[in-house]
Amino acid sequence: MSQSSAVSARKTAPRTPEHVRIVMATRNGAAYLSQQLQSIVDQTHKNWSLFVGDDGSDDDTCAQIRAFAAAHPDRDVTLVSGPCQGSAANFLTQAAAAWRDADWLAFADQDDVWMPTKLERAVSQIGPGDTAAGYSSRSIHTAPDLTPLRTSSLHRRAPGFSNALVQNVLSGHALVLNPVAAALVVNHTQAALASKVPFHDWWIYNLIAGAGGRVVLDPEPGLYYRLHGENVLGHNRSWSERMVRLRILAGREFAGWIDCNLAALAQCEPALTPDARALVKGMVEMRAEPRGRMRLRALRELGLYRQSAGGDRVLRMLALTGRL
């Protein structure tokens, strides 16, 4: 599907300040997509539009999106080709293409099911305001057939830039941005893409927190999140899942992800607060320190933290061994 063959059912009526532009990145999602689309239709917050970037699906994904647009001619539904460079690039590229002044942004996975009040809760909790604000909620983890298994973890520590640099808590499948945050993200998309940030949600957490914005973590679940073989990074409750995470943290992959985030943040320095700029500088210097004990000392002085005591212990190990 070429860009010129985009499907659109755009409405020309003016949108209210609480218009939510939903951005979805798809790739071979036909198995579950219809349920997600219906859950968007069922939202109590009715002022939304949908912008889908498809990364070369060879199943019925695009046909389902076209059918959805045809079945809802009163809705603004757009389907375009994605960059085929991974989900982070797809989400960020489409957000930049879709967003207009005063739009809110919401990010949707192709295989979830939203609860009816998801958008309403997000809009009410963060408000438009004059400050960048990002919202995410907990989710109910399910089997592929939507049988509930458990509720996602409740983060006990406050979100902040010292956490964002080493951990993401702003889950992308529940992520909603007010217009100020949306503008911040869109205006720095090229920096993120050029640096190949690994995850769009982690990057957005870094950017909002680094710019002094608010991060709201709703303890109430807002969606059903299917667990299957394609989303192992989205959960870490079983021993096998935790071992996957531990191997990533203990290897060089995690350090590589941080390399990308720091490179992108360096290009966004004017948008960061003075404290955030100092923290980025300190982290770069800590990582360049050849002596493990000095890296460990710098880690403590910088105040970098993860959301659990066990996560902090892993962080200290990574700093000591030069894998952070």
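Cysteine 84 counts as exposed, at 51% relative accessibility, where exposed means over 50% relative accessible area, buried under 20% and partly exposed in between (1.4 Å probe, protein chains only). This cysteine is found in the loop between strand S4 (77-81) and helix H3 (87-98); helices (H or I, at least four residues) and strands (E, at least two) are DSSP runs, numbered from the N terminus. Phi of cysteine 84 is near 55 degrees, a positive value in a residue other than glycine.

The model is predicted, so that local features need pLDDT of at least 70 and side-chain atom pairs count only at pLDDT 80 or more, while totals for chains, interfaces and linings use all residues. Residues are numbered from 1 along each chain as its sequence is written, and side-chain values use heavy atoms, with hydrogens and water left out.

A second residue with a positive phi is leucine 146, which is not a glycine and has a value of about 75 degrees. Leucine 146 lies in the loop between strand S7 (133-142) and strand S8 (148-151). With a relative accessible area of 21%, leucine 146 is partly exposed. In strand S8 itself lies leucine 149, which is also partly exposed, its relative accessible area being 48%. Leaving aside neighbours within four places in sequence, leucine 149 is in contact with His141, Thr142, Ala143 and Leu227, contact meaning heavy atoms within 4.5 Å. The C-alpha atoms of leucine 149 and arginine 226 are separated by 9.6 Å, although these residues are 77 apart along the chain.

Attention now turns to strand S2. This strand (residues 20-26) is mostly covered, with seven of its seven residues buried. In a regular strand the side chains alternate between the two faces of the sheet. In S2, Val20, Ile22, Met24 and Thr26 point one way, Arg21, Val23 and Ala25 point the other way, and all are buried.

Strand S2 has pairing partners, two strands being paired if DSSP finds at least two bridges between them. Seven bridges join S2 to strand S3 (residues 48-54), and the two run parallel. Within this pairing, glycine 53 in S3 is the bridge partner of alanine 25. S2 also pairs with strand S5 (residues 104-108) in the parallel sense, over five bridges. Here valine 20 stands opposite tryptophan 104 in S5.

Helix H1 (residues 30-41) forms a right-handed β-α-β unit with S2 and S3. A crossover is right-handed if, with the strands pointing away from the viewer, the path from the first strand over the helix to the second runs clockwise. Isoleucine 40 is found in H1 and is buried, with a relative accessible area of 0%. Apart from neighbours within four places in sequence, isoleucine 40 is in contact with Ile22, Met24, Trp48, Leu50 and Trp114. The C-alpha atoms of isoleucine 40 and methionine 115, 75 residues apart along the chain, are separated by 8.6 Å.

Helix H1 also meets helix H2 (residues 61-71): their axes come within 9 Å and cross at roughly 25 degrees. Axes are lines fitted to C-alpha atoms, for helices over the stretch in contact, and angles run from 0 to 180 degrees between N-to-C directions. H1 and H2 are therefore roughly parallel to each other, since angles under 35 degrees count as roughly parallel, over 145 as roughly antiparallel, 65 to 115 as roughly perpendicular and the rest as oblique. Ala30, Leu33, Ser34, Leu37 and Val41 in H1 meet Thr61, Gln64, Ile65 and Phe68 in H2.
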